[in-house]
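Have the sequence and the model open side by side.

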Amino acid sequence: MFTLADLRIPVIAAPMAGGTSTPHLVVAVGHEGGLGFLAAGYKTPDVLERQIAAVRGDSRHPFGVNVFLPQAPPTDLAGVERYRRALEPAALARGVTLPPTRVDDDWFAEKVDLLVGLRVPVVSFTFGLPSADVVARLHSVGTSVVATVTSVDEAIQSESRGVDALCVQGPDAGGHRGTFNTSDKPESIPLPVLVAAVLDSVTLPIVAAGGIRSGEQIAELLAGGATAVQLGTAFLRTDESGAQHAHKDALADPRFTSTVITRAFSGRAARGLLNAFITEHDAGAPWAYPQVHHLTAVLRADAGRRGDPEGLALWAGTGYRSATAEPAADVLTRLWQEACA
Ligand SMILES: Cc1cc2nc3c(=O)[nH]c(=O)nc-3n(C[C@H](O)[C@H](O)[C@H](O)COP(=O)(O)O)c2cc1C
């Protein structure tokens with residue numbers, strides 16, 4: 001079974017759903033000695049299967065697949081309807097129709113069946129903990145299982161579920177917070193402090209993630225006991241990243257001066273560049289994932305067609321200004337050389 005200690009370079013390119021994590025990115029990072037991740041979130045099992053085949057067609061290196069846990073039934077449906085009314089003028093102005101409210105489980109069972117069948121080397125979960133049965137099925141085919149956690153309590157729960165490693169996500173991370181509970185307010189314990197607290201509480205190997213932009217930070221986290229680090233934003237602008245051009249450009253655009261945590265796009269806390277959509281809608285957005293995600297999808301798609309960064313979810317960690325436009329292999333080797341120095 002794959003273990004983090006097997007990596008030549010203990011740097012992981014984070015799973016980034018929404019089109020960013022491509023098979024090319026996974027292959028490039030694996031080839032260079034790190035670990036690449038496909039993001040199963042929002043994808044149909046068919047598309048995921050094709051992406052896994054594409055990675056395997058081009059690489060013999062280990063890779064991971066990240067899966068979203070299904071969410072508890074919505075509690076604030078009235079809030080979702082209020083939010084729909086708040087979004088309607090914008091939808092009308094753009095000539096798009098907001099879809100009816102819907103819930104889904106992101107094909108969780110089908111994806112687990114697929115990953116077990118394909119014996120993927122590493123599977124990580126986010127937004128909750130898989131059942132002991134799912135962990136056992138993955139173990140039975142030699143898959144290493146990683147749980148994403150954002151607190152000591154979630155780390156302890158994950159260890160007792162039998163996972164093999166933890167991805168400890170700190171508050172500076174780009175994209176969604178991996179909290180187990182949709183409505184959890186994000187904690188703000190700095191990543192090195194959170195990693196130390198988790199290491200005091202569990203015996204599992206730890207991957208540290210969130211806001212990492214330099215080799216110095218990587219060296220500090222590894223010296224603090226992390227077995228590997230996971231970076232998302234640092235790979236967003238790479239040649240192999242499938243992020244939209246408007247998103248890539250915004251990361252280097254002086255118009256965008258900060259990141260904030262918002263639930264305006266999805267109903268779940270996530271960090272992204274502050275833009276007009278957040279300014280206008282954050283205050284009215286309910287804690288209701290994935291209902292809000294589905295509700296705003298047509299508006300985000302419309303902004304994407306127009307290349308308008310003010311209407312896109314510009315997910316980014318606090319280190320976004322250090323993200324460079326170059327091959328992923330160059331990002332990985334430069335950061336690792338800095339860390340070793
Ligand atoms: C665009 C984007 C999409 C993301 N999608 C996922 C995802 O699908 N699954 C997941 O576990 N984490 C996701 N994350 C969070 C990353 O796993 C990781 O925690 C984060 O990128 C680390 O912080 P950094 O971006 O500051 O490096 C995403 C992050 C970004 C920036």
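Which residue of β11 does V260 stand opposite? V260 faces G272. Strands here are DSSP runs (E, at least two residues), numbered from the N terminus.

A word on the source. This is a predicted model, where local features need pLDDT of at least 70, side-chain atom pairs count only at pLDDT 80 or more, and totals for chains, interfaces and linings use all residues. Residues are numbered from 1 along each chain as its sequence is written, and side-chain values use heavy atoms, with hydrogens and water left out.

Back to the strands. β10 and β11 (residues 270-273) run antiparallel and are joined by four bridges. Two strands pair if DSSP finds at least two bridges between them. The open sheet has three strands, in the order β7-β11-β10, with antiparallel pairing. β7 (175-176) and β10 (259-262) are the edge strands, each pairing on one side only.

Now turn to the ligand.

Next, the polar contacts (pairs of N or O atoms within 3.5 Å). The side chain of N66 places an N or O atom 2.8 Å from a ligand nitrogen. A backbone N or O atom of A17 lies 3.1 Å from a nitrogen atom of the ligand. Q230 has a polar side-chain atom 3.1 Å from a ligand oxygen. The protein covers 95% of the 590 Å² of accessible area (Shrake-Rupley, 1.4 Å probe) that the ligand has on its own.

Methods: A polar contact is a pair of N or O atoms within 3.5 Å; within protein, one must be able to donate a hydrogen and the other to accept it, and residues adjacent in sequence count only if both atoms are side-chain atoms.
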